[in-house]
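Dear colleague,

My notes on it follow.

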Amino acid sequence: EGADVHTECPISMTQAVLGGTVDVKTLTGTVEMKIPRGTQVDAKLMLRGKGIPHLNSDHKRGNHIVHLQIEIPKQVSKRQEELLREFDEEMKHSGGGIYGRLAKAAGSAFETIFGHKEDDGKSGNKKGDSNKREKNNDDDGEDNDGEDKKQQTA
């Protein structure tokens, strides 16, 4: 692409999630490039001024664009699988990443279709329970009214 240079650079899943550094070979030598935490698939990082020199300029150069390729292992040990499954469960419970976005989307879709979620019943504030309490209070009110009437006649 003109004076820009493009290269691919493989990184591990761990580097993509946690960040790190990787050595990139440029036209002028090897450069240590920082990989940001949370790097996504098909991410591109730019090394400014590390590309091809412009024809009519002594000091101006193109950029070196590094296409990060996250490598997914084809085989993992039992321990690695356990750790990955544990990580997956933790992501589900913490609402992080795609799980958080899916849970929010599913919840809002549920509420759109079925209305707002009712209380789960742990606090006893269901609609049916509050209606029963109102009836009980009304019954109690009648008893109190009868007691009030007895006191007035006495």
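In what follows, two residues are in contact when heavy atoms of theirs lie within 4.5 Å. Please note also that the model is predicted.

By that criterion, and leaving aside residues up to four places away in sequence, Leu47 touches Val24, Thr26, Val31, Met33, Asn63, His64 and Val66. Leu47 also belongs to the largest nonpolar core, a set of 13 residues. Together with Val22, Val24, Met33, Val66 and Leu68, Leu47 is among the residues with the most contacts inside this core. Two or more core residues come from each of β1, β2, β3 (29–35), β4 (44–47) and β5 (64–71). The most is given by β3, with three residues. In soluble globular proteins, nonpolar side chains tend to be buried together.

One of the contacts of Leu47, Thr26, deserves a paragraph of its own. Thr26 lies in strand β2, which covers residues 20–26. Its relative accessible area is 12%, and Thr26 therefore counts as buried, the limit being under 20%. Not counting residues up to four places away in sequence, Thr26 touches Val31, Leu47, Lys50 and His64. A polar atom of the Thr26 side chain is also 2.5 Å from the backbone oxygen of Gly29.

Asp4 is placed in the segment before β1 (5–12). With a relative accessible area of 22%, Asp4 is partly exposed. Which residues does Asp4 touch, not counting those up to four places away in sequence? They are Gly62, Asn63 and Ile65. For Asn63, the backbone nitrogen lies 2.7 Å from a polar atom of the Asp4 side chain. As for Gly62, its C-alpha atom is separated from that of Asp4 by 4.6 Å, although the two residues are 58 residues apart along the chain.

Finally, the surface. Val17, Leu18 and Phe87 make a nonpolar surface patch of about 280 Å². Of these residues, Leu18 belongs to helix α1, which covers residues 13–18. Leu18 is partly exposed, because its relative accessible area is 49% and exposed residues have over 50%.

To summarise, the notes cover a nonpolar core of 13 residues, the buried residue Thr26, the contacts of Asp4 with Gly62, Asn63 and Ile65, and a nonpolar surface patch that includes Leu18.

With kind regards

Methods. Residues are numbered from 1 along each chain as its sequence is written. This is a predicted model: local features need pLDDT of at least 70, side-chain atom pairs count only at pLDDT 80 or more; totals for chains, interfaces and linings use all residues. Side-chain values use heavy atoms; hydrogens and water are left out. Helices (H or I, at least four residues) and strands (E, at least two) are DSSP runs, numbered from the N terminus. Buried means under 20% relative accessible area, exposed over 50%, partly exposed in between (1.4 Å probe, protein chains only). A polar contact is a pair of N or O atoms within 3.5 Å; within protein, one must be able to donate a hydrogen and the other to accept it, and residues adjacent in sequence count only if both atoms are side-chain atoms. Patches are made of residues with over 30% relative accessible area and no salt bridge: like charges are joined within 9 Å, nonpolar side chains (Val, Leu, Ile, Met, Phe, Trp, Tyr) within 5 Å. Accessible areas come from the Shrake-Rupley method with a 1.4 Å probe; for residues, only the protein chains shown count as cover. A salt bridge is a side-chain nitrogen of Lys or Arg within 4 Å of a carboxyl oxygen of Asp or Glu. A nonpolar core is a set of buried Ala, Val, Leu, Ile, Met, Phe, Trp, Tyr and Cys residues joined through side-chain atoms within 4.5 Å.
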